[in-house]
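Please brief me on this protein model.

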Amino acid sequence: MHHKSICIFLLNLLFINIVLLYQLQDVLADLVEMKIVDEPSSFGINNVYSQQSHTQPEETLKLRVQPANFSGPSHFQRLIGRCFSSVIRNYKYKFCPFSNVTQHEQGLHWNPYKGVLGVWQEWEIENNTFTSMMMKDGDPCGSIFRSVKITFMCGNHSEIVNASEPQTCHYHLVFRTPLVCHPDSMLVYPALSPELQKEWDHLEHVMARQELTAKGYQKRLRKLFEKAGLMLSREEHTTLLKKAEQVEKAKISEGEFESLDTCKVEYKKLQERIKLLEAQLTFEGPDENDFSDDHLPDK
């Protein structure tokens with residue numbers, strides 16, 4: 001059973017409810033007391049959505065935001081366009097370096113989770129070393145968006161060897177690859193342009209002369225990494241999210257939803273509108289005296 005189809009079906013039921021409630025307001029003076037039911041009918045075996053084939057092709061997951069451009073160690077370009085999959089604790093993880101990470105729940109559940117955990121954005125850097133890739137702004141997870149941190153370990157071939165969720169909707173993947181086996185394979189300085197290398201050299205000299213605080217040094221170093229495209233600036237991230245919100249609003253207005261979470265949010269909004277309309281109908285309803293015998297026509 002396709003969870004997005006079900007959610008859209010439920011939204012349609014709620015929308016019909018809202019239309020009917022508005023019509024009730026127009027003719028309220030002619031109505032007697034009634035009970036308004038806002039619960040959708042349960043899905044029976046004859047429901048059209050239960051008759052869909054279980055062999056339908058798997059849907060293509062869509063990204064909320066565009067992946068950033070390639071950056072980092074030059075030999076990592078060998079990973080561009082490739083994807084690596086592993087099944088770990090009943091979940092299939094698919095890691096496409098410099099693109100995205102997805103998760104597919106395995107098993108025969110009626111509504112298994114499948115979605116985007118994160119989209120490629122930037123590197124985490126410590127002590128002149130690329131320590132991890134950051135995939136952010138994945139599918140909605142309540143009030144936040146899913147994200148993934150990918151760390152690396154040396155190995156004979158490339159594969160995902162572990163996946164965990166240290167915090168709710170924040171994941172950690174360990175990727176084994178021969179690309180990180182050389183002691184200098186993850187150094188940041190060689191990955192910079194000659195101009196940025198000179199800028200970093202100057203920054204080191206200023207720091208050595210104690211003309212900068214440690215905080216000021218880290219701030220200027222981050223700016224240098226942003227200039228190199230290794231990290232995303234706050235302004236760039238804000239622009240990225242605004243574009244994603246505009247696209248999402250346009251799709252919602254047309255009845256399209258990127259994920260079940262998005263559909264649930266819209267479903268909740270419609271439920272709130274129904275509650276407000278019910279409260280208004282209760283407040284503005286005709287007085288029960290309007291239906292006393294004195295107001296009935298003579299026989």
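The briefing below goes topic by topic.

This is a predicted model: local features need pLDDT of at least 70, side-chain atom pairs count only at pLDDT 80 or more, and totals for chains, interfaces and linings use all residues. Residues are numbered from 1 along each chain as its sequence is written, and side-chain values use heavy atoms, with hydrogens and water left out. An open sheet of eight strands has mixed pairing. The structure also holds three disulfides.

**Sheet**

- The strand order is E1-E2-E3-E4-E5-E8-E10-E9. Strands (E, at least two residues) and helices (H or I, at least four) are DSSP runs, numbered from the N terminus. Two strands pair if DSSP finds at least two bridges between them.
- Strand E1 (84-88) and strand E9 (159-167) stand at the edges. Each has a single partner strand, so one side of each is left without a neighbour in the sheet.
- From one strand to the next, the twist averages 25°. Axes are lines fitted to C-alpha atoms, with angles from 0 to 180 degrees between N-to-C directions.
- Strands of a sheet pair through backbone hydrogen bonds, either parallel or antiparallel.
- Strand E5 (residues 129-137) and strand E8 (residues 147-154) run antiparallel, joined by four bridges. Methionine 134 has lysine 149 in E8 as its bridge partner.

**Nonpolar cores**

- A nonpolar core is a set of buried Ala, Val, Leu, Ile, Met, Phe, Trp, Tyr and Cys residues joined through side-chain atoms within 4.5 Å. Buried means under 20% relative accessible area, exposed over 50%, and partly exposed in between (1.4 Å probe, protein chains only).
- The largest core has 39 residues. Trp123 and Ile150 touch the most other members.
- Residues up to four places away in sequence aside, tryptophan 123 touches residues including Phe76, Phe98, Phe130, Met133, Phe152, Met186, Leu230 and Met231. Ser71, Gly72, Pro73 and Ser132 are also among them. Contact means heavy atoms within 4.5 Å.

**Threonine 177**

- Threonine 177 is found in strand E10 (residues 170-177). Its relative accessible area is 0%, so threonine 177 is buried.
- Beyond its neighbours within four places in sequence, threonine 177 contacts Phe152, Met153, Cys154, Gly155, His157 and Ser158.
- Isoleucine 160 is 17 residues from threonine 177 along the chain, with 8.9 Å between their C-alpha atoms.

**Disulfides**

- A disulfide is a pair of cysteine sulfur atoms within 2.5 Å.
- Cysteine 83 and cysteine 96 have their sulfur atoms 2.0 Å apart. The S-S torsion is about 110°, so this disulfide is right-handed. Cysteine 83 sits in the loop between helix H1 (3-26) and E1, and cysteine 96 in strand E2 (residues 91-96), 13 residues apart. Cysteine 83 is partly exposed at 39%, whereas cysteine 96 is buried at 7%.
- Cysteine 141 is joined to cysteine 169, S to S 1.7 Å. With 40° about the S-S bond, the link is right-handed. Cysteine 141 lies in strand E6 (residues 140-141) and cysteine 169 in the loop between E9 and E10, 28 residues apart. Cysteine 141 is buried at 17%; cysteine 169 is buried at 2%.
- Cysteine 154 and cysteine 181 have sulfur atoms 1.9 Å apart. The torsion is about 95°, so this disulfide is right-handed. Cysteine 154 belongs to strand E8, and cysteine 181 to the loop between E10 and helix H2 (194-208), 27 residues apart. Cysteine 154 is partly exposed at 45%, and cysteine 181 is partly exposed at 35%.

**Positive phi**

- Phenylalanine 98 has a phi near 65°, a positive value in a residue other than glycine. Phenylalanine 98 is in the loop between E2 and strand E3 (100-105). Its relative accessible area is 9%, so phenylalanine 98 is buried.
- Cysteine 169 is not a glycine, yet has a positive phi of about 70°.
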